[in-house]
Amino acid sequence: MGSDFKAIPLIDIRPLVEKIDDPNMANDKDLLQVIRMLDDACKEAGFFYVKGHGIAESLMKEVRDMTKKFFQLPYEEKLKIKMTPQSGYRGYQRVGENITKGKPDMHEAIDCYTPIEPGKYGDLAKPMEGSNLWPKYPSDFDVLLENYISLLQDLSRKIMRGMALALGGPVDAFESSIAGDPFWVCRLIGYPVSTDIPEEQRSDTGCGAHTDYGLLTLVNQDDDICALEVRNQSGEWIYAKPIPGTFVCNIGDMLKVWSNGIYQPTLHRVVNNSPHYRVSVAFFYESNFDAAVEPVEFCREKTGLVAKYEKVVYGEHLVQKVLTNFVM
């Protein structure tokens, strides 16, 4: 799948946001048009922008601004919420501590996950049990983020309802054993100017080329810095240029498996060549932590009846990636 796209499509999802939960929405032409556009975008690029999503642009900016304020704190203050194995891999990562395909990434971050009570998933989630580490400064950081995450959970659920219809399934296809209790991840990421990083620690990318692990990602990026790049089928890197007030969305590994490859995640990376510090807040809407994801029947029927991918337990996939991508 995928194509030699030269730009990432922009979709006004207002009809979907307003109508997807209405049991009488099946023949609404505006909603059906959005679903067709989602389907085309997922097949052609694996990436798309959304506007008309109902989340205030002022809130999106407030989240970015508060993130930037945290990263401007002295290093000793940021270390008060340092990520460790004991924190369930939640908290602050310094520049170079995140690894993508064996190379350190030139970014710092706060990683947040759905809180996991000890023993909830048995041994499956043991490495990631715990609650999020919120900084004391800026004040009300936790209140702002928890409200923001709640809004993005609902928005993601609605987009996934649209994707279920686009793939030919029932509107609630993801809301049972697949994502009826969706796990979420939120990464607040800061990309320093390369000249601010000691030369011996620099690499050529803020975040190396990768695909995302789950179902759907929503990225809230700075309005004025081009840094996120998406690779088309010919291997060209296409900028996901900032469009104020929009989220950049992309699909992940679990949706590839579930759709039997009808939708494929697209490689992307971040290269901050600007003279300015860049902030990005990425929200990842995932499967149930213990979901056993495998190609669904109605997608197999469209792809030769044979399952192209083996069953994947999402939590196992996530834990393996987290342990691989973290160094102390």
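On a 1 Å grid over the protein atoms alone, a pocket is an open set of points with protein on both sides within 12 Å along at least five of seven lines, a cavity is a set of points where a 1.4 Å probe fits but cannot get out, and lining residues have an atom within 4 Å of a point. This is a predicted model, in which local features need pLDDT of at least 70 and side-chain atom pairs count only at pLDDT 80 or more, whereas totals for chains, interfaces and linings use all residues. Residues are numbered from 1 along each chain as its sequence is written, and side-chain values use heavy atoms, with hydrogens and water left out.

- The largest pocket holds about 740 Å³ of space, where a volume is the space filled by probe spheres set on grid points that are joined across faces, edges and corners.
- Of the 42 residues that line the largest pocket, R187, H210, D212, Y213 and N325 are the closest to its centre.
- Elements that give two or more residues to this lining include β7, β8 (207-210), β14 (278-288) and α8 (314-325), helices being DSSP runs of H or I with at least four residues and strands runs of E with at least two, numbered from the N terminus.
- Helix α8 gives the most to the lining of the largest pocket, with 6 residues.
- By class, the lining of the largest pocket has 20 nonpolar, 13 polar and 9 charged residues, with Ala, Val, Leu, Ile, Met, Phe, Trp, Tyr, Cys and Pro counted as nonpolar, Asp, Glu, Lys and Arg as charged, and the others, Gly among them, as polar.
- The second largest pocket has a volume of about 170 Å³, and of its 11 lining residues R231, N232, Q233, P265 and T266 lie nearest its centre.
- The lining of the second largest pocket divides into 4 nonpolar, 6 polar and 1 charged residues.

**R187**

- R187 lies in strand β7 (residues 182-191) and counts as buried at 10% relative accessibility, since buried means under 20% relative accessible area, exposed over 50% and partly exposed in between (1.4 Å probe, protein chains only).

**Cavities**

- Residues lining the largest cavity include M60, R64, N220 and Q221, with α3 (57-71) and β9 each supplying at least two residues.
- The second largest cavity, of about 30 Å³, takes the largest share of its lining, 3 residues, from α5.
- The lining of this second largest cavity has 5 nonpolar, no polar and 3 charged residues.

- Helix α5 (residues 141-166) has 26 residues and should span 38 Å at 1.5 Å a residue, which agrees with the 37 Å between its end C-alpha atoms; the expected span is 1.5 Å times one less than the number of residues.
- Just after α5, G168 takes a positive phi of about 95°.
- D39 in helix α2 (residues 29-44) is buried, with a relative accessible area of 12%, and, leaving aside neighbours within four places in sequence, D39 is in contact with A166 and Y263.

Notes
Contact = heavy atoms within 4.5 Å.
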